[in-house]
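Welcome! Please have a look at the sequence and the model first.

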Amino acid sequence: LAVLQLLTSQVAIIIEKVRLHEQVVEKKRIEAQLEIARQVQLELLPSADPVVEGFDISAYIFPTEEVSGDYYDWVEMFEDQIGIVVADAVGKGIPAALLMAFLRASLRSSVQVGYAPHIAFTKLNNLLHDSIDDNKFITAVYGILDSTNKTFVFSNAGHNPPLLIKPNGEYRFVEYGDMALGMFVDAPYHQHFIKFEDQQIMVIYTDGITEATSPTGEEYGQDRLAKSVLAGIELPAKKLIDHIRKGVADFTERKFLDDDGTLFIVKAL
């Protein structure tokens, strides 16, 4: 009996080691797949910031996981016009990243055809509605920046309102917006207009920035974002992004955000 008890205990240890080894192998397999997905998604993002006469532009995503549910892009349409998009898919991880890939392909197709932002969103909304589950949707801002006229014509599909800031300290959130993409078939979308003044800054962002929380549960919020931009308003766009990110990290006291965060900064020179 003593020998059998010793034997069974040894067998139990071996079985547990085998089970743990299988878990490690599966974990490594999933991590490898996530890394591949992350690399593919990085390839879909612009490799460099756009160069537009009269403007300083930069953008960046701060992901929480190996792959992100946030997305930004820019497409040169004419010599003096670029299309700009910032989007946020519901959820995180691979499912959200797949939605972003779907959005990128569909929206770039609309840009090539030359659709105005509100027309592009109408067509994209119906396409998403027919292709994804009812509980999935995307919020997005898509617009055309004209460097000759210093204008930004855009549509907002349920996304956070863009922030406009003047060097004198005045700021406002452009609250115009319509339904998120993919929620309702034939949802109407409207077009809005921003005229840039010299040294004015527009910040398009996702809720991972404004909804980041402190250790006490307080949200970072829109006003803190605006004040952070004002504090670094003299910085180039790329360094301004670093300045804002540091402010959010100091507020949350964490290195990573709870949700994916994206900043797209357009500064009129």
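Glu218 and Arg224 join their side chains in a salt bridge, with 2.8 Å from N to O. The term stands for a side-chain nitrogen of Lys or Arg within 4 Å of a carboxyl oxygen of Asp or Glu. Glu218 is partly exposed at a relative accessible area of 39%, and Arg224 is partly exposed too, at 33%. Here, buried means under 20% relative accessible area, exposed means over 50%, and partly exposed lies in between (1.4 Å probe, protein chains only).

This is a predicted model, in which local features need pLDDT of at least 70 and side-chain atom pairs count only at pLDDT 80 or more, while totals for chains, interfaces and linings use all residues. Residues are numbered from 1 along each chain as its sequence is written, and side-chain values use heavy atoms, leaving out hydrogens and water.

How many salt bridges are there by this rule? The count is eight, and the table shows some of them.

| Pair | N to O |
|---|---|
| Glu16 and Arg19 | 2.5 Å |
| Glu218 and Arg224 | 2.8 Å |
| Lys246 and Asp250 | 2.9 Å |

Glu16 and Arg19 sit three residues apart in helix α1 (residues 2–44), about one turn of the helix. Helices (H or I, at least four residues) and strands (E, at least two) are DSSP runs, numbered from the N terminus. Glu16 is partly exposed at 32%, as is Arg19 at 38%.

Lys246 and Asp250 both belong to helix α6 (residues 237–252), four residues apart, again about one turn of the helix. Lys246 counts as exposed at 52% relative accessibility, whereas Asp250, at 48%, counts as partly exposed.

Now to the strands. Five of them form an open sheet in the order β1-β10-β9-β6-β7, with antiparallel pairing; two strands pair if DSSP finds at least two bridges between them. At the edges are β1 (55–62) and β7 (171–173), each pairing on one side only. From one strand to the next, the twist averages 15 degrees. Eight antiparallel bridges link β1 with β10 (residues 261–268), and Ser58 has Ile265 in β10 as its bridge partner.

Which strands does helix α6 lie across? They are β1, β9 and β10, and α6 runs at about 35 degrees to β1. Axes are lines fitted to C-alpha atoms, for helices over the stretch in contact (heavy atoms within 4.5 Å), and angles run from 0 to 180 degrees between N-to-C directions. Helix α5 (residues 221–231) lies across β6 (163–165), β7 and β9 (201–205), at about 35 degrees to β6.
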